[in-house]
Amino acid sequence: MTRLLASAAYRIAFVYAAIFALTIAALGVAVYFAADRQIGHQQDETLRLEAAELIVEHDGGDLAELAATIDARARAGGTNTFIYGLYGPDGRPRAGTLTMMPLPARGFHWVTLSTGPTRLLVEPLRRGNRLVVAVDGDALGAVERIILELTLAAMGIAIIVGVVGAILLGGYLRERLETVGETAEAIARGNFERRVPVSPRGDEFDRLGMALNAMLDRIVQLLENLRQVSSDVAHDLRTPLARLRGEVELALGTGEAAGDPEVQRAALERALKQSDDLLKLFAAILRISEVEGGALRRGFTLVDVSRLVEDLHEAYVPAVTDGGRSITADIAPHLAVRGDRELIAQGLINLLDNAQRHTPIGTHIFLAARGAGPDAVEVVVADNGPGVPEKDRARVVRRFVRLDPSRGEGGHGLGLNLVVAIAAAHHGQLIIGDNAPGLRATLLLKGRQGGDDEAREKNSAVASPS
C-alpha cells in the first residue's frame, strides 16, 4: 500500500475514490433523514385522519357508541394496526386497549409502552373526554433500519468499487505517465531516436505525447545544427586561418622575402582581407542564430511585400544586365504580411545573389510575388541556369554546404541557411524546386493581412527601403 501511495497517479485515484465514497455516505445520510421525516409525517397524518373519522362519527352522539366502536376496532385486528384509548374527564380509561396513565397533553407524542416505542395522538372530545389513537413504532423503526442497512451496503459497495477503480485508474495513469518518463530518461542517456508512444485515440495524453515529440524533434534538430556548425566551422576556418598565419609570417619577415617592405605591405593587406572574411563569417553565424532565436518577432510590423519586391527588382536590373543576364518580374499588388522588412529583404537579396553567382552569362532570372491562400504570400526567384540536382536540394540549405561546382565562387555556404531561418521566423518555409530547366526558390511567408482596401490603407505606413 505504501508503494501505491508513493505514486502520484495512485494518490489521485485514491483521493477520487475517497471523495466518491464520502459523497455516497453523505447522500445516504440525507436520504435516511429525509425518508425518516417523510415516513413520520405520513404516520402522523394517518393518526390524524383516523382520529378525525372517529370524532366526526360519534362525538355528537352517545359516548357509549364511540366506546363500542373503539372496542370493536381494537378486537378486529387483521389489517387494523391502530391502538385506541378513550379517556374520561378524570383521566381514567373507559374503552380501548390503551390504558396508559397519566395521559399526555393534546397532540402527537412518542411514548414507550410494554410493546416498545409507540406514536400516539391525543385529541380532546366534548365534556372533557379525550380520544387517543396510537400506532406501534416498530414499523417505522423497521423502515429506518432497512434504509440504514441499504445506505451502509451502498457505501460499502461504493468503497469497494472505488478502491478497485482507483487501482485500475492509478495503474492506467501511471502506465501512461511512465511512458513519458521512460522516454525522457532514454533521451537523457543519449538515445535521441526515442519518442513518446501516441495512440490513435487522440486524448490528452496523446496530445501531450505529440507536443513532447515535436519538442524532441526540435531539440534533435538544434543539436544536429550545433554539431554541424561545430564541425563545419572547424573545417571551414582551418584553411583561412592557415592562410592568415602564412601572411602574418610573411609580414614578420620569416620567409624568403624578409625585410622587403612591399612584400610585407602586400602580406598585411591580404591578412586584413582574410580577417574581414572571418569577421563576416562570424557575423553571418550570429545573424542566423539571432533570427532562429525568435526574439525579432516581437518587433514585427506590417510589411508591404509588393513594394519591397518591386524595389528590389528595380535595384537589381542594372547589376544583372551588366553581368550579361536578364531579369523580369511579375508582382501582384497589395501583398502584405506581418514581419521584419529588413529580414525579408535580406532573404530575397540572398536568393537573387545566388541566381547571379551560380548561373552562366545569358541566364534569365524571373522574380514573382503572389498570394498563396488566405493568409500567405510567396515570393519566387527562378532562373533557367544549370539548377541543383534533386538529391542535393535538401542539403544545399544547410549551413556551410557548398556544392562542388560553386566552391570556387567564394562564400561560406550560409546564404540559403539564413533564408531558411528568415522563412521560419515568419512561420513559412523556403522551397527549393526544379524550374525545368534551372532552379526555382520559393520564399513562403505566412501571416497575410486583410484585403486590398485594408492593405492600401496600411501600406502607406510601411517605410520604403533605404
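The following questions and answers examine how terms are applied to this predicted model.

Residues are numbered from 1 along each chain as its sequence is written, and side-chain values use heavy atoms, with hydrogens and water left out. Because the model is predicted, local features need pLDDT of at least 70 and side-chain atom pairs count only at pLDDT 80 or more, whereas totals for chains, interfaces and linings use all residues.

Q: What is the mean pLDDT of the protein, and which elements have the lowest and the highest mean?
A: pLDDT is the predictor's confidence in each residue, from 0 to 100. The mean for the protein is 79, and 85% of its residues reach 70 or more. Helices (H or I, at least four residues) and strands (E, at least two) are DSSP runs, numbered from the N terminus.

Q: What makes residues 450–466 a segment to be read with care?
A: pLDDT stays under 50 over residues 450–466. Where pLDDT is low, the predicted coordinates should not be read in detail. The model has 17 contacts (heavy atoms within 4.5 Å) beyond four places in sequence for this segment.

Q: Why is Thr118 called buried?
A: Buried means under 20% relative accessible area, exposed over 50%, and partly exposed in between, with a 1.4 Å probe and protein chains only. Thr118 has 0% relative accessibility and therefore counts as buried. Thr118 lies in strand β4 (residues 116–124) and touches residues including Trp110, Leu113 and Val135.

Q: Why is Phe20 called partly exposed?
A: The relative accessibility of Phe20 is 34%, so this residue counts as partly exposed. Phe20 lies in helix α2.

Q: Which residues form a nonpolar patch with Phe20 on the surface?
A: Tyr16, Leu169 and Tyr172 form the patch with Phe20, with about 380 Å² of accessible area together. Helices α2 (8–58) and α4 (138–188) each give two or more residues to this patch.

Q: How do you know that helix α9 is mostly covered?
A: In α9 (residues 415–425), 8 of 11 residues are buried. Among them are Leu416, Val419, Ile422 and Ala423. His427, which follows α9, has a positive phi, near 60°.

Q: What makes β1 and β2 a pair of strands?
A: Two strands pair if DSSP finds at least two bridges between them. Strands β1 (residues 82–87) and β2 (residues 93–96) run antiparallel and are joined by 3 bridges, so they pair. Leu86 has Ala95 in β2 as its bridge partner. The two strands form a hairpin with 5 residues between them, and Gly91 in the turn has a positive phi of about 85°.

Terms used. Patch = residues over 30% accessible without salt bridge, like charges linked within 9 Å, V, L, I, M, F, W, Y side chains within 5 Å. Areas by Shrake-Rupley, 256 points an atom, 1.4 Å probe, with all protein chains shown as cover. Salt bridge = Lys/Arg side-chain N within 4 Å of Asp/Glu carboxyl O.
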